[in-house]
Amino acid sequence: EIAEFYCYANADMLFLRKNLKDRTRSFKAQAALSVMTSNLNDYSLIVREHFGLSNDVSLKKVMDYFYPDNTFICHNALSDAEMLYHIY
């Protein structure tokens, strides 16, 4: 099976590519980052299409729509991953 990875908007993709290019010399790390970047899906595009939006909407706003009482913190790697998991 081919692994699929998800991000929300393009910041994660830019971060992964920057790390792949500049920050690691380890072959294993470069291979893992390469697999991730080649199979990374931007879930914000799916949300935008689902709601018929022309612009991106923040992950937190989507989370608030589906789970109004959530207590997730924005721009925290673990919280962002958990929000994306719940929305997915």
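A crossing of two helices is left-handed if the near helix is turned anticlockwise from the far one by less than a right angle, and right-handed if clockwise. In this structure, helix α1 passes helix α2 in a left-handed crossing. The model is predicted, so local features need pLDDT of at least 70 and side-chain atom pairs count only at pLDDT 80 or more, while totals for chains, interfaces and linings use all residues. Residues are numbered from 1 along each chain as its sequence is written, and side-chain values use heavy atoms, with hydrogens and water left out.

**The chain as a whole**

- The protein chain has five helices and two strands; helices (H or I, at least four residues) and strands (E, at least two) are DSSP runs, numbered from the N terminus.
- Read from the N terminus, the order of elements is β-α-α-β-α-α-α.
- The C-alpha trace spans about 45 × 25 × 25 Å along its principal axes.
- Of the 88 residues, 24% count as buried, where buried means under 20% relative accessible area, exposed over 50%, and partly exposed in between (1.4 Å probe, protein chains only).
- The protein chain exposes about 6600 Å², and carbon and sulfur atoms supply 56% of this area; the areas come from the Shrake-Rupley method with a 1.4 Å probe.

**Helices α1 and α2**

- Two packed helices are described by the angle between their axes and the distance between the axes.
- Helix α1 covers residues 11-23 and helix α2 covers residues 27-38; they pack at an angle of about 150°, with axes 10 Å apart.
- Axes are lines fitted to C-alpha atoms, for helices over the stretch in contact, and angles run from 0 to 180 degrees between N-to-C directions.
- On α1 the contact (heavy atoms within 4.5 Å) is made by M13, L16, R17, N19 and L20, and on α2 by Q30, L33, S34, M36 and T37.
- By class, this contact has five nonpolar, four polar and one charged residues.

**Two exposed residues**

- F15 is placed in helix α1, and F15 counts as exposed because its relative accessibility is 52%.
- F15 and L84 are 69 residues apart along the chain, and their C-alpha atoms are separated by 17 Å.
- H75 lies in the loop between α4 (59-66) and α5 (77-87), and H75 counts as exposed at 77% relative accessibility.
- Most residues other than glycine have a negative phi.
- Phi of H75, however, is positive, near 60°.

Definitions and conventions: Ala, Val, Leu, Ile, Met, Phe, Trp, Tyr, Cys and Pro count as nonpolar, Asp, Glu, Lys and Arg as charged, and the others, Gly among them, as polar.
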